[in-house]
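Here's a quick tour of what packs and what pairs up in this structure. Have a look at the chain first, then read on.

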Amino acid sequence: MLRDRTDSRAALWRTAAGQRGYFTAAQAVDAGYSYQAQRYHAQHGNWLVIDRALYRFREFSDLPGEGDEQLVRWSLWSKGRAVVSHTTALAAHDLGTANPSRIHLTVPRGFRQKSDAVILHRAELTESDVEERMGYRVTTPLRALTECAEDGEDQDILDGAVTEALAQGIVSRRRLLHAAQTLGPRAELGVERALGAMS
C-alpha cells in the first residue's frame, strides 16, 4: 500500500512540476488520489488549496517566484482553454510597461466560467497566434500588440510596447500593420497611432 501511495505522489509530482507545482483535482484522480484522499491532504496542509478543485504542492510556494506562476494557475482554472492575452501577454513578453491589475485571458466563445480576478475576451485563436510556455499558453507578441490596439484601452502602453518590439526585431512594421488590418479598423488605428508616436 505504501508503494502505491509513493507511486501516486511521484505521478502527481511529475504533472505538477510542469505546472509550477499546481494541479487540478482531476489530475490528482488520474495519479491515483481519491477525492477523500484529496480532502485529507488539503485539510492537513500537505497541499495548498488555491481554488475550487485546484491545488499546489507546498514545496513550490517556498521557491522564489518567476513572476508567471499566476498565469499557470489561471490556465488550470480554465481547464487549459484560456490563453493569456492583451496587456497580460505584453507583460509576459516583457514589452513596454504593461502591469494590469487583473489577468487578461482569451477564451472560446462558449466558455462559461467567471472570476472577478480575470478579464475574459472571446475569440477563436489560431495556432500561429499562440506560444506555449511552461504550464500555460500566451498570445504571440504580434497578436498581443494588435489585440491591445483593438481593445483601445491604453494607447501609451501600446506605444511603448510597439517601440520595444520593433527595436528588438520581434515584429516588423509591415507584419504589424497587416495583422492589425486583419483584426479590424480599431486595431489598425491603434497600431498606426503607435507607429506615428515613434516618428
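What follows covers the nonpolar cores and then the salt bridges.

This is a predicted model, so local features need pLDDT of at least 70 and side-chain atom pairs count only at pLDDT 80 or more, while totals for chains, interfaces and linings use all residues. Residues are numbered from 1 along each chain as its sequence is written, and side-chain values use heavy atoms, with hydrogens and water left out.

**Cores**

A nonpolar core here is a set of buried Ala, Val, Leu, Ile, Met, Phe, Trp, Tyr and Cys residues joined through side-chain atoms within 4.5 Å. Buried means under 20% relative accessible area, exposed is over 50%, and partly exposed sits in between (1.4 Å probe, protein chains only). The largest core has 39 residues, and the members touching the most others are Leu90, Leu105, Leu145, Leu158, Val162 and Leu176. Elements that each supply at least two residues to this core include helix H6 (86-92), strand E5 (103-107), helix H7 (141-151) and helix H8 (155-167). H8 gives the largest share, six residues. Helices (H or I, at least four residues) and strands (E, at least two) are DSSP runs, numbered from the N terminus.

What does Leu145 touch, leaving aside its neighbours within four places in sequence? Its contacts (heavy atoms within 4.5 Å) are Leu90, Leu158, Ala161, Val162, Ala165, Val171 and Leu176. There's also a second, separate core of 11 residues, with Leu12, Ala28, Trp47 and Phe57 among them.

**Salt bridges**

A salt bridge is a side-chain nitrogen of Lys or Arg within 4 Å of a carboxyl oxygen of Asp or Glu. By that rule there are six. Three of them are listed here.

| Pair | N to O distance |
|---|---|
| Glu59 and Arg9 | 3.1 Å |
| Asp68 and Arg20 | 2.3 Å |
| Asp51 and Arg73 | 3.5 Å |

Glu59 in helix H4 (residues 58-61) and Arg9 in helix H1 (residues 2-17) link parts of the chain 50 residues apart. Glu59 is partly exposed at 36% relative accessible area, and Arg9 is partly exposed at 34%.

The next pair joins two loops: Asp68 lies between H4 and H5, Arg20 between H1 and strand E1 (22-24), 48 residues apart. Both Asp68 and Arg20 are buried.

Asp51, in strand E2 (residues 47-51), reaches Arg73 in helix H5, 22 residues apart. Asp51 is partly exposed at 26% relative accessible area, whereas Arg73 counts as buried at 14%.
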